[in-house]
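The sequence and structure come first.

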Amino acid sequence: MASASPSPAALTAVPHRRPATTLLGAQLVTAVGDGCFYVIFVVYLVQVGHLRPAQVGGLLTVAWGAGFLLTYPVGALGDRIGLRRVTILLSAATAAALLTLASAPTPWLVSSACVAYAIAQSGAGATRQAMLVSLVPSTELVTVRAGIQTAVNAGIGLGATAGGLALLAGTPTVYRAALVGDAALFAVSAIMLTRLPPAARAPVRTGHGWDAPRDTRYVVVAALNAVLYLYMPMLSVLLPLYLTSRTAAPRWIVAAVFVVNTLGVLGWQRRTARRVTTLAEATRAIRLAGLALCAACVLFWTATATTDPAVTTGLLLAAVAVQVAGELRLAAGSWCVGFALADPTRPGQWQGVYSSGVPLARAVGPAALTTLVMVWSGPGWLVLGLVFLATGLTTTLAVAWAAHRRPFQTLDPGAT
């Protein structure tokens, strides 16, 4: 994997475990708020923000589309003025967006706050990833990233519980209090990030200001990664709609899906990541991820063939377990590829390009997946599964192509 480039003095002064722990703590704090936010967000927009469901869908596409477009510029800005500084500013911006959302009197201001939130969250995803490159030895990047992801899932689970309680109360006052609490957590996270060392600022090399988007091979790999990350809106948007309207499963199955997913990540993400330390292992993990996600789609389709609630529930839980297996391998393989093929001297730029796949999947996924599956049903699931399978296989070829004669890629390209 490409070597990170923190200064020797910084690494001597601050052991790498301490910055990693700080990053983990800061993301754990915000994850609690995120979990609550995800549960109440859509309900809040409809009941308090006075938006129609169709408007909510359009708003999410616009918001995450804006996040996608600005993720790379935010990452590049972090390289120039300091990744730590930009991440702190983005945490503060997220807090401000949440406070605006909680107090906005008109749908226009509510929509503006949602767009600001998506931009800040998308940019922070890139700069946090880049800070890992600048603060953690390259041999431990994937393992540390897995530990952070495990903590994030735990935080989201805890926050989702609080969000569920807010939904039970069901009053605008409680919803607004939850958003204010989320904003407070982002403010706490910003304060925690000030404890990071100056090594979070990457040295800027001379050259074009848009070098990462000019790296065609890296952009192709990032685009394929974005396709695989369509599993995120599949899980959060498509499945709740599909399971409650097209299957004989009881309604509690929606909650069970998220419980199984969360427990799977908590229990096995770090173990899976430990087995992915080279590009060969990463591409193998991604191929297996594509296969597992394809199998999960077939199982979701199969669940509609029975009218027995018990059988349907068993098929759906099996499908989610297979989906989790794919998600775990995709995460580990994707992190390894994104770190290994990037220029370690400008992590903000390269991680900005690679991380932009997540907001892109969130922007395009809900409309594309619901149209494909809710309109076309069974064949739609099969098409989606084949897309995951083909993308996983294609990524292997794309990574080998991207690794060939790479000036800052230290792994053996032939290993892929």
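A cavity here is a set of grid points where a 1.4 Å probe fits but cannot get out, and its lining residues have an atom within 4 Å of a point. The model is predicted.

**Cavities**

The structure contains 2 cavities of 30 Å³ or more. Which residues line the second largest cavity? They are Ala26, Gln27, Thr30, Thr87, Ser91, Arg128, Ser189 and Leu193. By class, this lining has 2 nonpolar, 5 polar and 1 charged residues. Three helices, α2 (17–47), α4 (83–103) and α7 (172–193), each contribute at least two residues to the lining of the second largest cavity. The largest share, 3 residues, is from α2.

**Helix pairs**

| Helix pair | Residues | Angle | Axis separation |
|---|---|---|---|
| α3 and α5 | 53–81 and 107–135 | about 40° | 7 Å apart |
| α10 and α13 | 231–246 and 309–340 | roughly 170° | within 12 Å |
| α12 and α16 | 279–302 and 378–403 | roughly 175° | within 7 Å |

Helix α3 packs against helix α5 at an angle of about 40°, and α3 passes α5 in a right-handed crossing. On the α3 side, the contact is made by Leu59, Val62, Ala63, Trp64, Ala66, Gly67, Leu70, Thr71, Val74 and Gly75. On the α5 side, the contact is made by Ser111, Cys114, Val115, Ala118, Ile119, Gln121, Ser122, Gly123, Ala126 and Thr127. The residues of the contact of α3 with α5 comprise 12 nonpolar, 8 polar and no charged.

The axes of α10 and α13 cross at roughly 170°. Angles over 145 degrees count as roughly antiparallel, so α10 and α13 are roughly antiparallel to each other. Their contact is made by Tyr231, Met234, Leu235 and Leu243 of α10, together with Leu316, Gln323, Glu327 and Leu330 of α13. This contact of α10 with α13 divides into 6 nonpolar, 1 polar and 1 charged residues.

For α12 and α16, the axes cross at roughly 175°. The two helices are therefore roughly antiparallel. Sorted by class, the contact of α12 with α16 has 18 nonpolar, 7 polar and 1 charged residues.

Definitions and conventions
Residues numbered from 1 in each chain as written. Predicted model: local features only at pLDDT ≥ 70, side-chain atom pairs only at ≥ 80, totals over all residues. Heavy atoms only, no water. 1 Å grid on protein atoms, 1.4 Å probe; cavity = no way out; pocket = protein on both sides within 12 Å on 5 of 7 lines; lining within 4 Å. Points joined across faces, edges and corners; volume = space filled by probe spheres on them. Helix = DSSP H or I, 4+ residues; strand = E, 2+ residues; numbered from the N terminus. Nonpolar A, V, L, I, M, F, W, Y, C, P; charged D, E, K, R; others polar. Axes fitted to C-alpha atoms, helices over the stretch in contact; angles between N-to-C directions. Left-handed = near helix turned anticlockwise from the far one by under 90°. Contact = heavy atoms within 4.5 Å. Parallel < 35°, antiparallel > 145°, perpendicular 65-115°, else oblique.
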